[in-house]
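Please examine the sequence and the structure shown here.

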Amino acid sequence: MTNEEIRLADAADVPAVKAVTDAAYAHYIERIGQVPQPMERDHAANVAAGRVFVTGDPVIGLVVVERYPDHLYLDNIAVRPDAQGQGVGGRLLRFVEAHARTLALPEVRLYTNAMMWENQEIYPKFGYEVVERRVDGPYDRVHYRKRLV
C-alpha cells in the first residue's frame, strides 16, 4: 500500500489505529481538561464493524465513519503528528465524502470540541458548514455538515 491509498482497516491495524488516534489527540487533554472521546473509543470494535479506514504503511492517518439512513457520520479523523500538514487529512476528508456518495447518502456530519479551534478553521475550507453549537455533558461541541447533493 502506498501512502496515497485508503483501505478498510483489519484486526492487524487495531494497535496502529489506537497509536495514531492517541498521538493525534493527546495534546488536547490539557487544553480541554479531559481525554478526548476518540481516544476512549473501542478501536477493535470499530474495526470489526467495518467503520475504520486507514492510509499509509505504516498507518499515518485514519477515519472512523458510521452510516445512518440520511447521512454518513464522521466520528474520528486522525493523522499522526509527524504527517500533519502534508495533505493527509484533506485526502481522508475527500475519501469520506466519496464514500458517502457511493452509499447514496446526501451529506456528511461531524462535530468537534469547541476547544479544538484548529478544526474550526479546517472544516469550512472543505465546504463544511456549522449547524449548531451544543453542550453535551462535559463537552462543548460545534456540529458541522456538508451537503453532497
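This is a predicted model: local features need pLDDT of at least 70, side-chain atom pairs count only at pLDDT 80 or more; totals for chains, interfaces and linings use all residues.

Residues are numbered from 1 along each chain as its sequence is written, and side-chain values use heavy atoms, with hydrogens and water left out.

**Largest pocket**

- The largest pocket holds about 710 Å³ of space; a volume is the space filled by probe spheres set on grid points, which are joined across faces, edges and corners.
- A pocket is an open set of points on a 1 Å grid over the protein atoms alone, where a 1.4 Å probe fits, with protein on both sides within 12 Å along at least five of seven lines; lining residues have an atom within 4 Å of a point.
- Its lining comprises 37 residues, and those nearest the centre of the pocket are Y25, Y28, I77, N119 and Y123.
- Elements giving two or more residues to this lining include helix 1 (14-25), helix 5 (88-102), helix 6 (117-125) and strand 7 (139-147).
- Strand 4 supplies the largest share of the lining of the largest pocket, namely seven residues.
- Helices (H or I, at least four residues) and strands (E, at least two) are DSSP runs, numbered from the N terminus.
- The lining of the largest pocket has 21 nonpolar, 12 polar and four charged residues, where Ala, Val, Leu, Ile, Met, Phe, Trp, Tyr, Cys and Pro count as nonpolar, Asp, Glu, Lys and Arg as charged, and the others, Gly among them, as polar.

**Second largest pocket**

- About 160 Å³ of space lies in the second largest pocket.
- Among the residues that line the second largest pocket are Y73, E107, R109, E132 and R145.
- Strand 5 gives the most to this lining, with four residues.
- By class, the lining of the second largest pocket has five nonpolar, one polar and five charged residues.

**Helix 1**

- Helix 1 has 12 residues and spans 17 Å from its first C-alpha to its last, close to the expected 16 Å; the expected span is 1.5 Å times one less than the number of residues.
- The buried residues of helix 1 are V14, V17, V20, T21, A24 and Y25; buried means under 20% relative accessible area, exposed over 50%, and partly exposed in between (1.4 Å probe, protein chains only).
- Viewed down the axis of helix 1, these buried residues fall within an arc of 130 degrees, so they line one face of the helix; the arc is that of the directions from the helix axis to the C-beta atoms.
- The cover over the buried residues of helix 1 includes helix 2, helix 3 and strand 4.

**Backbone features**

- Most residues other than glycine have a negative phi, and most peptide bonds are trans.
- The peptide bond from D57 to P58 is cis, with omega near 10 degrees, and P58 lies in the loop between strand 2 and strand 3.
- A104, although not a glycine, has a positive phi of about 60 degrees.
- A104 lies in the loop between helix 5 and strand 5 and is exposed, with a relative accessible area of 66%.

- N113 is in strand 5 and counts as buried at 10% relative accessibility.
- Leaving aside neighbours within four places in sequence, N113 is in contact (heavy atoms within 4.5 Å) with I32, Q120, Y139, D140 and R141.
- W117 lies in helix 6 and is partly exposed, with a relative accessible area of 43%.
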